[in-house]
Amino acid sequence: MTMLTPRTPTKLAPPGRARRERKAAELEARTRAVGERLAAISARPGVQVLQDMDASRNGLTHTEAALRLERHGSNVIAQERAPRWYVQLAKAYANPFIAVLVLLACLISWQDPESPSVVILSVMITISGLLRFWQEFRSGRAADALKQLVTTTCAVQRRAGSGSGPTTFEIPMDRVVPGDVVKLAAGDLIPADLRLITSKDLMVGQAALSGESLPVAKADTRTDDPGQFETSDPVEADNICLMGTSVTSGTATGVVVATGAGTYFGSMAGSLVGERPETNFDTGVRKVSFLLIRFMLVMVPVVFVINGVTKGDWNEALLFGIAVAVGLTPEMLPMVVSANLARGAVAMSKRKAVVKRLNAIQNLGAMDVLCTDKTGTLTEDRIVLDRYLDVHGDEDNEVLEYGYLNSHFQTGLKNLMDQAVIDRVGEAEEVVVDARFSMVDEIPFDFARRRMSVVLNRNSIVGGSGRPEHVMITKGAVEEVLALCTHMTDRGQKVELTEQLRWHVTRIAEDNNRQGLRVLAVATRTMESPCDTYTVADEDRLTLVGFLAFLDPPKADAARALQGLADKGIAVKVVTGDNELVAARVCADVGLTVGHVVSGTEIDPLDDADLRALAARTTVFAKVNPVQKARIVRALQADGHTVGFLGDGINDAAALRDADVGISVDTAVDIAKESADIILLEKDLTVLEQGVVQGRTTFGNTIKYIKMTASSNFGNVFSVLVASAFIPFQPMLAIMLLVQNLVYDISQLATPWDRMDEEYLRKPRNWDARGIGRFMVCIGPISSVFDITMFVVMWHVFGADSTAHEALFQSGWFVEGLLSQTLVVHMIRTRKIPFIQSRASWPVMVMTVLAVLTGLFLPFSPLAASLGFVPLPAGYFPWLIGVLLAYCTLTQLLKTVYIRTFGTWL
């Protein structure tokens, strides 16, 4: 028995290739191997295939089916299931920022187990991880709820024993085994890879695999079945039906030749489980974490040595050095990032999007290239009659009428194009047509003739002669219908179809084909000798009436949505399995600059460098397979782009997984939804555009916190470094430094609710560790200027110039440091003039006021003594106001210089 269990090649990829390239090579090799076996089966006679599968047309016996199920396993494919809750919880803490905080907490605990900072850091770490875990766990459950299979059973023929006749049973799809004979009807999902045995008028929707919007005709095997010409692509084989596709019309039976992982679908799914590739977010977080660690590794030892040398207390110097490390670290960063992402996920859920992986929100905001399929995204995913043309290419209602009569009176299953014709005709016209004509006979559609005919009686009106007038109306493929025509209708006149006119009408059809339309010809014949029955032989000496042209129309708002994405700096590239002509037509209709359409056959010979160059200059890719889609995504990423991929088919799963952000829809096949990071409840680019804005807002607020806090903390540490060198006591106690950071960080918990300036949202935004470092070094020391000013004021004006008055010095600097750190938030959060051109959201304003009041209150509070504070004199506060105003003014001026110099702010 010939089985289609895929053999893993001995060497799937060069050993030096990165893991993602290796998995891509595995996918390509596995899919190619299964495709070749299916193509070979397609070329064999049906009888031979049944023999190879050790099966019969009557189906397997129940005993044989049970043995094969045990041997080959359930008919299921590899799926990436959500990890158990405790695994998700552990992964929520696998974050570089959290690792830094854990290290600091351990150092503090080792130095001083009773230190309250250990508790503070532990609470921050715990809340951050729990927040991320809960949001992703909840989103995962929502995504699971979206999984809705069209059907879970299929009809198979089985026998009670070897001498028994066949009986049709409905069985779960996962119980289907190789050799089963499956019966198909309209609406059925193909449960496994099948070789057709019999079929009639079978049309199969393969969009999930091929991306082609229109259903394709499968082989009519009611006559001799010698097998077809061999093809390398099983999707194109007209006697093979593949798992994951569906029947749109007609009936068939087929023998199962592959199940589960051995199917064409399963060969793709096998490479889509396991560790996901690193995304833009992951790379950015890692770089920023290492930046902060590098700053700590430089600053902390310097502070420790200077304190130890100048003060002589090395134990206290170590404790202070650790406190500086905490002060330099944005310790609330994991919590702020998680809160930002969680708030973004909630906001996107209100905009009909489920976020499965929180990191995807930032990736969505950073996205500068969106690769999308065509069907259902740019188009309405339905077939409509776009035009009905006479032999000169002009619109003609008579062509519509004859096309409607053919579609309306046929008794077989109406395909999507028949329904499109019927939908084009109004109800009132239907009533008139029904009164004027009655059915006599029909010659059904078959795949050899590629046409169907109805013969109608033109009903006589009252007072007429009553003599029957039979009219044959034929509709079908242009070549087949034209071959039977001897005349044509030219503006109401019947004229002979000469070779010149035949060339002319053929060109009309070809012109419409080149516009991406599917064209059918309509012809008629008035029967000279009316009778009750007609045959294929009567389809002769026809008169061509005109053409019907169909398409999947562009969405009304697609052009506006694409322009909206372009305005936000996102280049849209269409990557479809549909043919070049259809793809080019649709893309032109929605306003994309098409240029040269690249087909899948052009991609295969290219190496990675050539593909990068091609992908950069190409807008539309057509007739591409799953492996090629994934290669296009990786080529764009290698060129420095953050790539999003929107798809809903089996053939999109690999690309969805490789993209920085994979986007699918709730009606997608399960494997696409499992591979996606975000699931849209509507396949609408407008919803996606709103998600991009939310992603940029989320990222903007995150980077805002990092730059504000890291630069401010750097300034504080720089001030400590200066003070340690010249002041004979600690400029601030370690506990004060921790309290200052705690109050400031709590005030920053409102950051996720802040708004971003419109100008910021217009461009894709990415992590820039070098830019953050530059910002810290350039902006951080501004605060040190005024810290040192306050040192001088406390030393000379208020006499805090000895260890006897060190508490006054420390209290004065604590208040100035906290207030300047809190107020400068409003200077840094926007490149505009704060409070005038750009105001923070009310939660940020409220938290700022609370932080300022807390800082002013602490030196006078009951906690003052335990924290080392003393009350500040009244004369201190005018100096404080002056220093803060000067600080804000200088920051605004230097902000302008910084923007002019580096062309960026946040």
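Me: Let's begin with strand β5; is it mostly covered or mostly exposed?
Reply: Strand β5, which takes in residues 193-205, is mostly covered in this predicted model, since eleven of its 13 residues are buried.

Me: Which strand is joined to β5 by ten bridges?
Reply: That is β8, residues 246-258, and the two strands run antiparallel; within this pairing, Leu196 has Gly254 of β8 as its bridge partner.

Me: And how many bridges join β5 to β7, and to β6?
Reply: Two bridges join β5 to β7 (residues 240-241), again in antiparallel fashion, with Arg195 opposite Ile240. Two bridges also join β5 to β6 (residues 216-217), likewise antiparallel, and there Met203 stands opposite Ala217.

Me: Switching to the open sheet of eight strands, what is the order?
Reply: The order is β9-β24-β23-β22-β10-β19-β21-β20, and the pairing is mixed. The edges are held by β9 (353-355) and β20 (598-599), each of which has a single partner strand, so one side of each is left without a neighbour in the sheet.

Me: Do β22 and β23 run parallel or antiparallel?
Reply: Strands β22 (residues 643-646) and β23 (residues 661-665) run parallel and are joined by three bridges, and Gly644 stands opposite Val661 of β23.

Me: Now helix α11, how far apart are its end C-alpha atoms?
Reply: They are 26 Å apart, and this agrees with the 26 Å that the 18 residues of α11 (residues 333-350) should span at 1.5 Å a residue.

Me: Why call α11 largely enclosed?
Reply: Because 14 of its 18 residues are buried, the helix is largely enclosed by the rest of the structure. After α11 comes Lys352, whose phi is positive, near 65°.

Me: Where is Leu581, and what is it in contact with?
Reply: Leu581 lies in helix α19, residues 580-589, and is partly exposed, with a relative accessible area of 38%. Leaving aside neighbours within four places in sequence, Leu581 is in contact with Asn513, Arg514, Gln515 and Gly516. Of these, Arg514 is 67 residues away in sequence, yet the C-alpha atoms of Leu581 and Arg514 are 5.7 Å apart in space.

Me: Last one, which residues make the nonpolar surface patch of about 530 Å²?
Reply: The patch is made by Trp842, Val846, Val849, Leu850 and Leu853. Trp842 is in helix α29, residues 842-857, and at 65% relative accessibility this tryptophan counts as exposed.

Definitions and conventions:
Residues numbered from 1 in each chain as written. Predicted model: local features only at pLDDT ≥ 70, side-chain atom pairs only at ≥ 80, totals over all residues. Heavy atoms only, no water. Helix = DSSP H or I, 4+ residues; strand = E, 2+ residues; numbered from the N terminus. Expected span 1.5 Å × (residues − 1). Buried < 20%, exposed > 50% of the residue type's maximum accessible area, 1.4 Å probe, protein only. Contact = heavy atoms within 4.5 Å. Patch = residues over 30% accessible without salt bridge, like charges linked within 9 Å, V, L, I, M, F, W, Y side chains within 5 Å. Areas by Shrake-Rupley, 256 points an atom, 1.4 Å probe, with all protein chains shown as cover. Salt bridge = Lys/Arg side-chain N within 4 Å of Asp/Glu carboxyl O. Pairing = 2+ DSSP bridges.
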